[in-house]
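Take a look at the model below.

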Amino acid sequence: MDYFEVFGLPRILGIDLTSLEKTFHDLSRRYHPDYFSTAPAAEKTKAVRMTALLNDAYRTLRHPVRRVEYLLSLHGFKPDGSKVPQALLMEVFEINEQMEEVKGGRASIEETDSLRAQIREKRERFDVELQQASAAWDELVRGNAPERVRKEQLAKMAEILSESSYIRNLEKDLENAL
């Protein structure tokens, strides 16, 4: 049972978070291990497993980026945020040079703030791209698009997520360097 099925949801990315939370609490109460304290061992084990599954599913589905990562994993895609995406190669080269200045203590406060703003702007751009790609995915699912078209959209989302992950890692590195 995948995380979407746990909550009775289709494999779309536009999820009503209020409804997700309500369903999570309802299911958590239903499967809480305390209610199975006098039940046979098999039922206790099932309740514990279901509680763990619910918690993992909720943590994943309530977060938009993790939700996309999970959907991609269900379809065999794995974004790689460790490699510099080709489309960003020149931009990232410049950012890394500036990052070395910051890490080496050679950057002024203004230069550091400028770098932070530059990275944040790129992350926000990828966030918007990912939201748009997610909405496009939902439309394909609702419209029962052919498998080939869906796979193309998943590949596009994986690429956006890889680029976004790389930028997020740069953002974390910068904050850790300060």
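Helix α3 (residues 41-61) packs against helix α4 (residues 64-74) at an angle of about 115°, and their axes lie 6 Å apart. Helices here are DSSP runs (H or I, at least four residues), numbered from the N terminus. Axes are lines fitted to C-alpha atoms over the stretch in contact, and angles run from 0 to 180 degrees between N-to-C directions. The two helices, α3 and α4, are therefore roughly perpendicular (65 to 115 degrees). Arg 59, Thr 60 and Leu 61 of α3 meet Arg 66, Arg 67 and Tyr 70 of α4; contact means heavy atoms within 4.5 Å.

This is a predicted model, in which local features need pLDDT of at least 70, side-chain atom pairs count only at pLDDT 80 or more, and totals for chains, interfaces and linings use all residues. Residues are numbered from 1 along each chain as its sequence is written, and side-chain values use heavy atoms, with hydrogens and water left out.

Now the rings. The structure holds three aromatic pairs (ring centres within 6.5 Å; planes under 30 degrees apart are stacked, over 60 edge-to-face, the rest tilted). Tyr 3 and Tyr 70 have ring centres 4.3 Å apart and planes at 10°, so this pair is stacked. Tyr 3 lies in α1 and Tyr 70 in α4, so the pair ties together parts 67 residues apart in sequence. Tyr 70 has 15% relative accessibility and counts as buried (under 20% relative accessible area, 1.4 Å probe, protein chains only). Phe 4 and Tyr 70 form a tilted pair, 6.0 Å centre to centre with 35° between the planes. Ring pairs link Tyr 3, Phe 4 and Tyr 70 into a cluster.

Note on methods. Angles under 35 degrees count as roughly parallel, over 145 as roughly antiparallel, 65 to 115 as roughly perpendicular and the rest as oblique. Buried means under 20% relative accessible area, exposed over 50%, partly exposed in between (1.4 Å probe, protein chains only).
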